[in-house]
Amino acid sequence: MIIAKESKFVTSARNLAGCPPPDMMEVVFLGRSNVGKSTFINTILEKNLAKSSSTPGKTQLINFFNVVWERKTENSQSIPFRFVDLPGFGYAKVSKETKKDWESNLWNFLNHRTSIKLFVHLIDARHIGLQSDEYVCEIIQKLLRPDQKMLSIYTKFDKLNKNEQHKLYQKGKLVASNNDKIIDKKYGGKDKIREMILDSVLGIETN
Ligand SMILES: Nc1nc2c(ncn2[C@@H]2O[C@H](COP(=O)(O)OP(=O)(O)OP(=O)(O)O)[C@@H](O)[C@H]2O)c(=O)[nH]1
Ligand SMILES: [Mg+2]
């Protein structure tokens, strides 16, 4: 079991140059606009830190959160690292120029931020296989260094019917919902995802 000992907002940045020094291991959350990135961060941290909204395009900056987690074992150790909430891909309701600017800042960050240990790609469980998600997945795979990993997690699981939920889970996919109860009882829960995140940050091989 993992205990979240500390979670706090640090700062926001517009681009790579404005980011804090890359002096801590980082987990970045990326995906289409409105897929539930900020909500997922709050669910995993059990704290309302990242701003979410039903209107797409809510997160417009790169937001950093310092966390300290402890795995409950005999010789448990506190592990400090960072969560990074990112703007979504494909947000349409801004000018072409602004959109181009955001996306180039985002890709530049993802390509050159040396402290990233884990890319968490969030995908809407109701819309699997979208071209934009396949593209994100392909690009991240290409830029992965040997010390980095990528995890795909399917959000809004509560919006699927029972049969669809079962099928997705049977395929061995990691699933998430802002409705904790659905996930926690039957589908492995937040703790399983926390374990995978921490293993990736520490460079421990799972599966
Ligand atoms: N039903 C359901 N709604 C969710 C879930 N996760 C997020 N939402 C809702 O989806 C909307 C978007 O959530 P956000 O967390 O702001 O999404 P985001 O990916 O951070 O969006 P941007 O910052 O715009 O890129 C909000 O209304 C959330 O309440 C979920 O698991 N289930
Ligand atoms: Mg957001």
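Which helix gives the most to the lining of the largest pocket? The legends below take this up first. The model is predicted.

**View 1. The largest pocket and its lining.** The largest pocket has a volume of about 400 Å³. Its lining counts 28 residues. Closest to the pocket centre are Asn34, Val35, Gly36, Lys37 and Thr39. Helix α1 gives the most to this lining, with five residues. Sorted by class, the lining holds 16 polar, six nonpolar and six charged residues.

**View 2. Helix α1 crossing helix α6.** Helix α1 spans residues 37–45, and helix α6 spans residues 189–202. Their axes come within 10 Å. They cross at roughly 100 degrees. This angle falls within 65 to 115 degrees, so α1 is roughly perpendicular to α6.

**View 3. Residues at the α1–α6 contact.** From α1, the contact uses Phe40, Thr43 and Ile44. From α6, it uses Lys190, Ile193 and Arg194. By class, these contact residues divide into three nonpolar, two charged and one polar.

**View 4. The aromatic pair Phe64 and Phe109.** Nine aromatic pairs are found in a search of the whole structure. One of them joins Phe64 and Phe109. A pair of aromatic rings is described by the distance of the centres and the angle of the planes. Here the ring centres of Phe64 and Phe109 lie 6.3 Å apart. The ring planes stand at 75 degrees, which is over 60, so the pair counts as edge-to-face. Phe64 sits in strand β3 (residues 62–71). Phe109 sits in helix α2 (residues 96–112).

Conventions
Residues are numbered from 1 along each chain as its sequence is written. Chains are lettered from A and ligands numbered from 1 in the order in which they are written. This is a predicted model: local features need pLDDT of at least 70, side-chain atom pairs count only at pLDDT 80 or more; totals for chains, interfaces and linings use all residues. Side-chain values use heavy atoms; hydrogens and water are left out. Axes are lines fitted to C-alpha atoms, for helices over the stretch in contact, and angles run from 0 to 180 degrees between N-to-C directions. Helices (H or I, at least four residues) and strands (E, at least two) are DSSP runs, numbered from the N terminus. Angles under 35 degrees count as roughly parallel, over 145 as roughly antiparallel, 65 to 115 as roughly perpendicular and the rest as oblique. Contact means heavy atoms within 4.5 Å. Ala, Val, Leu, Ile, Met, Phe, Trp, Tyr, Cys and Pro count as nonpolar, Asp, Glu, Lys and Arg as charged, and the others, Gly among them, as polar. On a 1 Å grid over the protein atoms alone, a cavity is a set of points where a 1.4 Å probe fits but cannot get out, and a pocket is an open set with protein on both sides within 12 Å along at least five of seven lines; lining residues have an atom within 4 Å of a point. Grid points are joined across faces, edges and corners, and a volume is the space filled by probe spheres set on the points. Rings of Phe, Tyr and Trp (its six-membered ring) pair if their centres lie within 6.5 Å; planes under 30 degrees apart count as stacked, over 60 as edge-to-face and the rest as tilted.
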